[in-house]
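This note is meant to be read beside the sequence and the structure. Please follow each numbered point on the display.

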Amino acid sequence: MTHAVDVVVIGGGQAGLAVGYHLRRLGLDFVVLDAQAAPGGAWRHVWDSLHLFSPAAYSSLPGRLMPPQPGETYPDASHVVSYLTDYEQRYELPVVRPVRVEAVHRDGEFLRVEADAGTWRARTVVSATGTWWRPFVPAVPGRTEFRGRQLHTVEYGLPVDLAGERVIVVGGGNSGAQIAADLAYDTDLTWVTLREPRYLADDIDGRALFDHATARRRALDEGRTDSGGVASLGDIVAVPPVREARDAGRLKAQPMFARLTATGVEWADGNRAEADTIVWCTGFRPALSHLAPLGLRGPRGHVPTAGTRAVGEPRLHLLGYGDWTGPASATLIGVGRPAREAAGEIAQLLHG
């Protein structure tokens, strides 16, 4: 069955809902295709102890403040799922699920979106599939030799699952620090990072990071010196569990090892550590395989964009993948502005 709409939004997580809000306000004919069986996007699949970096009011999508979570300064993932569910219903966003988009093709004056539940012909497409569905593990020598268990961030759940084990957590970003802090009390933990962990000041949370990202964008727009973005401040937000484990001396990072062995890891100087489980907190790549037929991929798997609009296909916008599609656009509060701009450009294109 083939459907015809002005705009297809691929992905019903926070980025898809944010742009849907603005498309609705502009009165455009659109549909949101979501591969998940229920609202909440990737937040339904994160590890159990994950909390936001910011208070609820500073973690909101356009038009609707996130209500505070009782007893929590920084809401947990289940609270975010409830908020996104309510947001979708409150604004009556036309989300169709579960629909897994397989490919986007050029089809004359349209873009043809092929999915397991049918085909949509659209005048414009917004890709908002995020990165959670494409975890990255580096090609470390010996990775296939290790006889223990290897998990990525996406597969980690509870510290009790690994209690009593020798665990190596790899990664010096926020997920690496949070999962290491999670495991610091009930496992024999080794935390490995590429460089010495760089903590942001304890009083900095997502509010300050968003302000910094916004200021950087303003400076770039005005031709002023690049401040370096959020990464210039540090790599790790010292949320309370991370701060507690760090201050208790339980988060002492080791440098990156040279290779895996059958029973653990080995450093360049010959030192070894045994492990039952290795947790790779090594990030993600953009989930863009559905755009392959358009031939737009550039360096590092990114599609070159001007704002959110694909340089090689002006009918396509990409939203929520990171700073290259809008400052802080992979965050709840940060996706609002690029979503508004994308919807505005789409309306301008459709109205000629």
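1. In this predicted model, Val265 has Ala273 of strand E13 as its bridge partner. Strand E12, residues 264-266, is joined to E13 by 3 bridges, and the two strands run antiparallel. Strands of a sheet pair through backbone hydrogen bonds, in either a parallel or an antiparallel manner.

2. These strands belong to an open sheet of 3 strands, ordered E11-E12-E13, with antiparallel pairing. Its edge strands are E11 (259-260) and E13 (272-274), each of which pairs on one side only.

3. Which residues touch the most other members of the largest nonpolar core? They are Val19, Leu23, Trp43, Leu61 and Val169, in a core of 59 residues. Apart from this core lies another, of 24 residues, which includes Leu111, Leu288, Leu294 and Tyr321. In soluble globular proteins, nonpolar side chains tend to be buried together.

4. Trp43 deserves a separate look. Leaving aside residues up to four places away in sequence, Trp43 touches Gln14, Leu50, Leu52, Ala77, Val80, Val81, Leu84 and Leu332.

5. The next point concerns a pair of helices. Two packed helices are described by the angle between their axes and the distance between the axes. Helix H1 (residues 14-25) packs against helix H2 (residues 77-90) at an angle of about 25°, and their axes lie 11 Å apart. H1 is therefore roughly parallel to H2, because angles under 35 degrees count as roughly parallel. The crossing of H1 past H2 is left-handed. Where they meet, H1 contributes Gln14, Leu17, Ala18 and Tyr21, while H2 contributes Leu84, Tyr87 and Glu88.

6. The peptide bond between Arg97 and Pro98 is cis, with omega of about -10°. Pro98 is located in the loop between strand E3 (95-96) and strand E4 (101-107).

7. Glu92, in the loop between H2 and E3, has a phi near 50°, a positive value in a residue other than glycine. Ala328, in the loop between strand E17 (313-318) and helix H6 (336-350), is not a glycine either, yet has a positive phi of about 60°.

8. Is each of these two residues buried or exposed? Glu92 counts as exposed because its relative accessibility is 61%, and the cut-off for exposed is over 50%. Ala328 is buried because its relative accessible area is 15%, and buried means under 20%.

How values were computed. Residues numbered from 1 in each chain as written. Predicted model: local features only at pLDDT ≥ 70, side-chain atom pairs only at ≥ 80, totals over all residues. Heavy atoms only, no water. Pairing = 2+ DSSP bridges. Helix = DSSP H or I, 4+ residues; strand = E, 2+ residues; numbered from the N terminus. Core = buried A, V, L, I, M, F, W, Y, C linked by side-chain atoms within 4.5 Å. Buried < 20%, exposed > 50% of the residue type's maximum accessible area, 1.4 Å probe, protein only. Contact = heavy atoms within 4.5 Å. Axes fitted to C-alpha atoms, helices over the stretch in contact; angles between N-to-C directions. Parallel < 35°, antiparallel > 145°, perpendicular 65-115°, else oblique. Left-handed = near helix turned anticlockwise from the far one by under 90°.
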